[in-house]
Amino acid sequence: MSCHDIPRAKFPWFPSINYEVCTKDLDCLNFCPCEVYEWDPETGRPVVAHPNRCLPGCDACAERCKTGAIAFPSQEEFRAAMRQWRAEMGAGTFRK
């Protein structure tokens, strides 16, 4: 599955950055294969510039963040969004 195979409007899944603990080391920006982050020269920090590019369920950038500045929705919020999407798509669409 690629970064762009999922109908992103259906999933509230993207990172948020706590700038009080962000060290601006650019690990998130340099790591993300879906190019969710960009550098904001006006503020001098990384920003979530393309939230809908984030692959639902992926939190690898948060795991890499040494200061814990990156957060995602809870697993329960993610599961609820998946259940809703599957219900809209029809039960026979997915293997169990």
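How much space lies in the largest cavity? About 110 Å³.

## The model

This is a predicted model, in which local features need pLDDT of at least 70, side-chain atom pairs count only at pLDDT 80 or more, and totals for chains, interfaces and linings use all residues. Residues are numbered from 1 along each chain as its sequence is written, and side-chain values use heavy atoms, with hydrogens and water left out.

## Overall fold

The protein has 3 helices and 4 strands. Both kinds of element are DSSP runs, numbered from the N terminus: helices are H or I with at least four residues, and strands are E with at least two. From the N terminus on, their order is β-α-β-β-α-β-α.

Contact means heavy atoms within 4.5 Å. Take the contacts between residues at least 6 apart in sequence: 60% of them join residues at least 24 apart. Of the 96 residues in the protein, 28% are buried. Buried means under 20% relative accessible area, exposed means over 50%, and partly exposed lies in between (1.4 Å probe, protein chains only).

In soluble globular proteins, nonpolar side chains tend to be buried together. Here the largest nonpolar core has 19 residues. Helix 3, residues 75–89, gives the most to this core, with 4 residues. Such a core is a set of buried Ala, Val, Leu, Ile, Met, Phe, Trp, Tyr and Cys residues joined through side-chain atoms within 4.5 Å. Phe11, Trp13, Val36, Tyr37, Ile70 and Phe72 have the most contacts inside the core.

Phe72 touches several residues beyond four places away in sequence, among them Trp13, Phe14, Pro15 and Ala62. Its partners also include Cys54, Cys58 and Cys61. Met82 lies in helix 3. Met82 is buried, with a relative accessible area of 17%. The C-alpha atoms of Met82 and Phe11 are separated by 7.6 Å, although the two residues are 71 residues apart along the chain.

## The cavity

The structure holds 1 cavity of 30 Å³ or more. A cavity is found on a 1 Å grid over the protein atoms alone, as a set of points where a 1.4 Å probe fits but cannot get out; lining residues have an atom within 4 Å of a point. Grid points are joined across faces, edges and corners, and the volume is the space filled by probe spheres set on the points.

Which residues lie nearest the centre of the largest cavity? They are Cys22, Asp25, Cys28, Cys65 and Ile70, out of 14 lining residues. By class, the lining has 8 nonpolar, 2 polar and 4 charged residues. Ala, Val, Leu, Ile, Met, Phe, Trp, Tyr, Cys and Pro count as nonpolar; Asp, Glu, Lys and Arg count as charged; the others, Gly among them, count as polar.

Cys65 sits in the loop between helix 2 (60–64) and strand 4 (70–71). At 19% relative accessibility, Cys65 counts as buried. Cys65 and Cys28 are 37 residues apart along the chain, yet their C-alpha atoms are separated by 6.9 Å.

A disulfide is a covalent bond between the sulfur atoms of two cysteines. The cut-off used here is a pair of cysteine sulfur atoms within 2.5 Å. By this rule the count comes to 0 disulfides.

Cys32 is buried, at 15% relative accessible area. For Cys58, the closest cysteine sulfur is in Cys54, 6.0 Å away and also too far for a bond. Cys58 is partly exposed, with a relative accessible area of 33%.

Leu29 lies in helix 1. At 25% relative accessibility, Leu29 counts as partly exposed. Leu29 touches Tyr37, Glu38 and Trp39, leaving aside residues up to four places away in sequence. Leu29 and Cys61 are 32 residues apart in sequence and 8.6 Å apart in space, C-alpha to C-alpha.

Lys24 lies in the loop between strand 1 (16–17) and helix 1 (27–31). Lys24 is not a glycine, but has a positive phi of about 60°. Lys24 is partly exposed, at 41% relative accessible area. Glu35 lies in the loop between helix 1 and strand 2 (37–40). The phi of Glu35 is also positive, near 55°. At 52% relative accessibility, Glu35 counts as exposed.

Key: 1 Å grid on protein atoms, 1.4 Å probe; cavity = no way out; pocket = protein on both sides within 12 Å on 5 of 7 lines; lining within 4 Å.
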